[in-house]
Amino acid sequence: MYLYHFGLRELPFTLTPNTNFYLGIAPHFEAFEVLLTALKTGEGFIKVIGEVGTGKTLLCRKLLNEIPEHFVTAYIPNPYLQPDELRRAVAVELGVKQAQRMSVQLLTQRIQERLLTLHSQGHSVVLILDEAQALPADSLEALRLFTNLETETRKLLQVVLFAQPELDQRLNETRFRQLKQRITFSYGLRAMTGEEVAQYIDHRMHIAGYKGAQLFDKNLCQQIAKVTEGIPRLVNILCHKMLMLSYGQGTYQLTKAHLKIAVKDTEATAEQVVRVNGWFASGVLVSMLLIGWYFLGEML
């Protein structure tokens with residue numbers, strides 16, 4: 001790949017949510033502070049909503065890594081589970097033995113006993129669900145019933161939902177009004193501004209070990225911000241392809257031409273492209289250029 005070409009220790013723009021690359025820009029910093037504040041005050045339901053690619057999973061993993069020690073976490077990354085499956089998944093996360101073999105009634109009893117035990121030991125328990133918009137309707141109701149477990153002074157289980165905006169649409173339905181009322185803290189994760197995109201790109205290059213002259217100048221960052229609408233995932237995709245193109249050509253400076261090719265090769269951003277000097281390449285041609293220049297670089 002292009003690591004040696006640019007003097008990098010690791011790839012700076014992978015799609016894997018790596019907390020080593022976390023940058024506390026305003027939307028992520030504010031969301032994280034809301035989460036910590038809500039958890040410390042013992043609220044039952046907390047919700048973080050963000051469009052696809054805005055960094056919800058990265059924020060989720062940062063929370064798992066940095067949550068205060070007295071919290072015990074149960075993490076469900078794929079909540080497309082029926083109520084019984086959800087209960088068993090929570091039980092397994094909490095360390096309930098033989099959870100897969102119990103009846104639903106006994107399982108619910110064992111979960112409550114486990115929560116009471118953890119509470120008596122001074123722990124707070126947090127259930128964290130990523131992609132919560134995928135929860136079936138019956139499972140949303142089961143989730144609400146989980147939060148009925150409480151002592152006279154405190155909830156035995158807090159729930160954090162990371163979800164796309166579709167969850168808000170579902171919660172507006174009459175049948176979910178009880179659950180909606182229990183969500184006491186909520187944060188809407190916005191996309192990055194042009195200035196934040198520049199900070200984001202520079203930060204990731206620095207963390208990856210880059211020490212040379214600036215590759216992504218201010219004007220280029222503004223153009224990247226425009227075509228990606230500030231979505232971190234799309235910024236990562238375009239920057240990765242631009243570095244690959246530059247490497248394949250044997251150059252050390254990124255240009256608007258690299259961006260044009262990367263955008264045209266990326267379906268999620270191609271519609272944003274404005275015709276420049278009457279030039280357009282087909283998606284097939286762009287892909288061929290990317291692959292050809294990459295392998296040319298590998299042979300040099």
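Over the face of which ring does Lys62 lie at 4.3 Å from the ring centre? In this predicted model, the ring in question is that of Tyr22. Lys62 also lies over the face of a second ring, that of Phe32, with a distance of 5.1 Å from the ring centre.

Contacts between aromatic rings were examined next. A pair of aromatic rings is described by the distance of the centres and the angle of the planes. Distant parts of the chain are linked by the pair of Phe13 and Phe216, the two residues being 203 residues apart. Phe13 is located in the loop between α1 (3-6) and α2 (26-40), whereas Phe216 belongs to the loop between α9 (194-207) and α10. Both Phe13 and Phe216 are buried.

The cysteines were considered in turn. A disulfide is a covalent bond between the sulfur atoms of two cysteines. Across the whole structure, 0 disulfides are found. For Cys239, the closest cysteine sulfur is that of Cys221, at 7.1 Å; a disulfide requires sulfur atoms within 2.5 Å, so this separation is too far for a bond. Cys239 is buried, with a relative accessibility of 0%. Cys60 is also buried, and its relative accessibility is 0%.

Backbone geometry draws attention to two glutamates. Glu131 has a phi near 55°, a positive value in a residue other than glycine. This residue is placed in the loop between β3 (124-129) and α6 (137-146). With a relative accessible area of 25%, Glu131 is partly exposed. A positive phi of about 55° is also found at Glu229, which is not a glycine. Glu229 is situated in the loop between α10 (218-228) and α11 (232-249). The relative accessibility of Glu229 is 53%, and this residue therefore counts as exposed, the limit being over 50%.

Key
Residues are numbered from 1 along each chain as its sequence is written. This is a predicted model: local features need pLDDT of at least 70, side-chain atom pairs count only at pLDDT 80 or more; totals for chains, interfaces and linings use all residues. Side-chain values use heavy atoms; hydrogens and water are left out. Helices (H or I, at least four residues) and strands (E, at least two) are DSSP runs, numbered from the N terminus. Buried means under 20% relative accessible area, exposed over 50%, partly exposed in between (1.4 Å probe, protein chains only). A charge sits over a ring if NZ of Lys or CZ of Arg is within 6 Å of the ring centre and within 35 degrees of the ring normal.
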